[in-house]
Amino acid sequence: MSALGICVAAALLIAILAAPKFGLLARWQRHRAYRAKSRSEDALKHILAWQHRSKLATLESLAGTMGLRPAAVLRVVAGLQTAGWVESGAGGIALTASGERRALQVVRAHRLWERHLSDDANMPMGKLHQAAERAEHSLSREQVARLDAHLGHPQHDPHGDPIPRPDGTISALEAVSLNEWPVGRPALIAHLEDEPQAVFRQILLANLRPMQVVNVAESGPNHLVIETDGGRHRIERSVAANIHVREVRPQDALPADRTRLSDLAQGASGEVAALSPDCQGLSRRRLLDLGLTPGTRVEVALDNTFGDPRAFRVRGTTVALRRQQAEQVLIRPVRSPDGAEAAP
Amino acid sequence: MTSVSVTPQAVLDRSDELRRGLDGSFRDYMVASLYERAGELAGRSVREHGSGKWDFDQRIDRIVTSRWLGLPVMLLLLGAVFWVTILGANIPSQMLANAFFSVEAAAASWFESMGAPWWLTGLVWHGIFRGLAWVVSVMLPPMAIFFPVFTILEDLGYLPRVAFNLDWLFRKAGAHGKQALTMAMGFGCNAAGVTSTRIIDSPRERLLAILTNNFVPCNGRFPTLIMLAVIFVAAAFPPAVAALAAAASVVAVVLLGVCFTLGVSWALSRSLLSGEASAFTLEMPPYRRPSILRILYTSLIDRTIFVLGRAMLTAAPAGALIWILANVQAGDATLADRSIALLEPLGTAIGLDGVILLAYVIAIPANEIVVPTMLMCYLGGAMMMDITTYEQIREVLVGQHGWTLLTAVNLMLFSLLHNPCATTILTIWKETRSARWTALGALMPLGLAFLVCLATAQAVRLLPL
């Protein structure tokens with residue numbers, strides 16, 4: 001009886017340890033493989049980032065960014081060399097042509113995933129990077145291609161970085177740091193650097209978004225004062241260095257006499273001027289599909305118990321929008337036939 | 001002009017190349033030009049005759065979504081649906097039960113006179129047939145009333161207004177306003193409700209809707225709720241308002257389910273499924289005149305017959321199983337008695353009893369058979385007992401098996417909260433393709449049901465009531 005018990009217990013133990021898919025050994029092996037892959041991909045990204053700044057990465061810089069002991073870094077670099085992705089020289093570590101393509105694939109997965117989280121899941125900008133850091137290592141090339149098609153082949157990630165193309169090429173960012181922009185000339189935010197996180201948090205606190213028009217009102221030795229739709233903000237020059245801007249083109253400029261659809265009073269109407277530039281992806285497409293294209297008449301049709309959402313009459317249909325969506329529709333107030341006027 | 005041979009690949013390559021040169025706003029221009037062209041075509045060929053229809057719709061909408069009347073109107077409509085169902089289902093249920101049980105008695109005695117062995121007669125007529133008879137007589141009349149009435153509301157275009165009224169609550173819970181629509185589907189069948197969550201684009205909010213759909217009592221559970229409402233609530237009121245009181249108590253249970261949906265969504269969206277509320281846009285279609293023939297067809301054929309068929313498929317083996325449990329002796333007691341005795345302590349602790357828990361175990365494939373199973377267990381191997389009216393059921397439960405108001409309340413709670421049926425669990429797996437979410441979708445409600453019932457039972461026992 002007890003012998004049988006021992007046999008059963010032993011069999012159970014072996015099963016827990018060595019089961020092909022769910023056993024502890026298999027799990028451990030998978031974990032090791034994933035860790036090795038994510039480490040070497042992180043290293044490739046780091047070397048690529050330094051090359052873009054015309055510098056060569058070193059073992060020390062790798063150890064610093066990745067938080068690894070020197071021995072572990074050596075193992076990672078040796079692995080990359082065996083794969084033919086990097087070459088170590090006197091000045092540091094450089095990517096080979098194939099290594100650069102591989103690194104750009106990882107960056108592509110990262111940026112597309114950020115786009116997906118922002119557009120499809122409405123994840124706030126501050127959380128995107130962390131989530132994408134995890135996802136980038138587990139997406140296959142096929143999945144990345146499907147994601148790209150699903151998102152409509154976007155050119156930029158949510159904070160304005162260009163997304164590498166499938167063939168491993170990438171367009172350059174045509175923008176300068178906000179520090180170099182002259183006072184008094186409107187600029188369009190092209191890119192917000194999301195690393196380091198502490199600086200990025202400062203940028204988000206000032207409520208800055210890509211495609212937003214800013215005006216440098218004041219320029220001090222250590223700070224700038226900028227004006228946006230949302231008001232005036234004082235930012236440190238060290239923060240402004242991570243904000244990249246370019247010239248405002250005519251199609252980027254928003255009409256001057258605009259208000260937001262959410263500000264219309266019950267029964268008032270307006271004419272759509274534009275959709276807010278920080279409304280992108282799925283939510284932008286949804287608003288357009290509902291017929292909220294520039295020039296369309298919109299009228300507030302219904303309130304409800306809680307005052308949110310509200311329903312609007314658009315092109316002969318009734319459409320309900322939450323306040324958050326209605327805020328993204330910029331309108332010009334129109335005097336409606338019964339004399340009601342838009343609220344200020 | 002020279003002719004160039006163009007291969008599909010060349011076209012794709014060229015379009016890839018051109019796409020890179022486009023700036024992001026080309027979609028805006030495309031949609032705007034499509035709408036412009038459509039508007040131009042419509043302006044040429046469509047003539048509007050005044051705005052009467054729009055004004056009429058507006059007037060209704062101003063009432064059903066108004067600040068003060070919106071929610072009361074919603075509750076009133078829901079109450080009316082249940083009231084009509086309770087009022088109308090009582091008598092046909094009795095007639096069906098009478099008819100079926102006279103068939104059972106006649107057929108069983110015919111089997112005996114033909115010299116069939118006792119176990120064959122028992123298994124076929126007192127097991128399988130009785131299970132089917134209970135399911136049909138308990139379920140068919142309420143469904144044949146509930147589904148058409150509910151379909152009328154759906155066909156009118158009222159449901160999007162409900163989503164509109166409740167969206168604020170769902171937003172506060174971190175969920176999507178369209179979850180109200182999937183919940184409305186859940187009234188019919190939770191499996192259908194889970195499938196209907198495909199209308200929610202955001203995966204996070206879709207999972208919330210999937211995991212909480214179970215807190216809407218489906219049609220398989222309404223007979224339980226309605227029976228309890230009639231036996232325990234209606235009985236306490238004068239006959240004139242009895243049906244109203246019963247309907248109000250069912251509405252209260254549904255509202256409690258909505259509270260649990262919102263509460264669990266809130267908790268999940270701050271723990272396992274953390275994230276922000278996504279965009280919400282909802283089209284509110286114009287009201288339509290319901291087409292009676294289509295309503296009868298969809299509600300009777302697509303829904304009633306479908307749900308009833310599924311219930312009968314599980315009721316037949318369940319009936320056989322109960323008969324076997326009640327008639328096979330293990331030692332000095334039947335299997336049924338033994339399993340009931342095993343479950344009794346757990347059942348008593350949460351204010352129910354062993355029979356109810358056994359009924360829920362047997363009813364995992366389909367909730368519809370909970371009441372029939374319970375009654376068959378209570379009545380045991382006893383031959384034909386004419387239990388056809390609600391008064392007689394009350395006599396069996398309260399008089400012979402010691403049910404109290406606590407039992408009724410906790411059974412309502414347990415029925416509202418407990419694990420989804422096997423079909424729904426399977427549907428959750430099909431929709432999520434994840435064993436973990438499926439397990440959570442099955443076990444979280446079950447745990448919650450036990451906790452809530454335990455809490456009410458202990459509270460009632462501790463308080464000097």
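Q: How do you know what confidence the predictor has in chain B, and what pLDDT does the chain average?
A: This is a predicted model, and its confidence is stated residue by residue on a scale from 0 to 100. Chain B averages a pLDDT of 85, and 95% of the residues score at least 70. For the complex, the predictor gives an ipTM of 0.78 and a pTM of 0.77.

Q: What makes residues of chain B count as being in contact with chain A, and how many are there?
A: The cut-off for contact is heavy atoms within 4.5 Å. By this rule, 39 residues of chain B are in contact with 42 residues of chain A.

Q: What is the area buried between chain B and chain A, and which atoms give 53% of it?
A: The buried area is about 3900 Å², and carbon and sulfur atoms give 53% of it. On the side of chain B, the residues B:Tyr35, B:Trp54 and B:Phe164 supply 17% of the area that this chain buries against chain A, more than any other three residues.

Q: Why is the pair A:Arg322 and B:Asp167 called a salt bridge?
A: The rule asks for a side-chain nitrogen of Lys or Arg within 4 Å of a carboxyl oxygen of Asp or Glu. In this pair the closest N and O atoms are 2.8 Å apart. Because 2.8 Å lies within 4 Å, the pair of A:Arg322 and B:Asp167 is a salt bridge. Across the interface of chain B and chain A the rule finds three salt bridges.

Q: Which elements of chain B each supply at least two residues of the side that touches chain A?
A: They are helix H1 (8–21), helix H2 (26–45), helix H3 (52–64), helix H6 (159–172) and strand E1 (281–284). The residues of this side of chain B divide into 16 nonpolar, nine polar and 14 charged.

Q: Why are strand E13 of chain A and E1(B) said to pair?
A: Pairing requires at least two bridges between the strands. Strand E13 (residues 317–321) of chain A and E1(B) have four bridges, in the antiparallel sense, and therefore they pair. In this pairing, A:Thr318 stands opposite B:Met284.

Q: What makes strand E9 and strand E14 of chain A a pair?
A: Two bridges join strand E9 (residues 259–260) and strand E14 (residues 329–334) in the antiparallel sense. The requirement is at least two, so the strands pair. Here A:Thr259 stands opposite A:Ile331.

Q: How many bridges does strand E10 of chain A form with E14(A)?
A: Strand E10 (residues 269–275) and E14(A) pair in the antiparallel sense over six bridges, with A:Leu275 opposite A:Val329.

How values were computed. Residues are numbered from 1 along each chain as its sequence is written. Chains are lettered from A and ligands numbered from 1 in the order in which they are written. This is a predicted model: local features need pLDDT of at least 70, side-chain atom pairs count only at pLDDT 80 or more; totals for chains, interfaces and linings use all residues. Side-chain values use heavy atoms; hydrogens and water are left out. Buried area is the accessible area (1.4 Å probe) that two parts lose on being put together, summed over both. Ala, Val, Leu, Ile, Met, Phe, Trp, Tyr, Cys and Pro count as nonpolar, Asp, Glu, Lys and Arg as charged, and the others, Gly among them, as polar.
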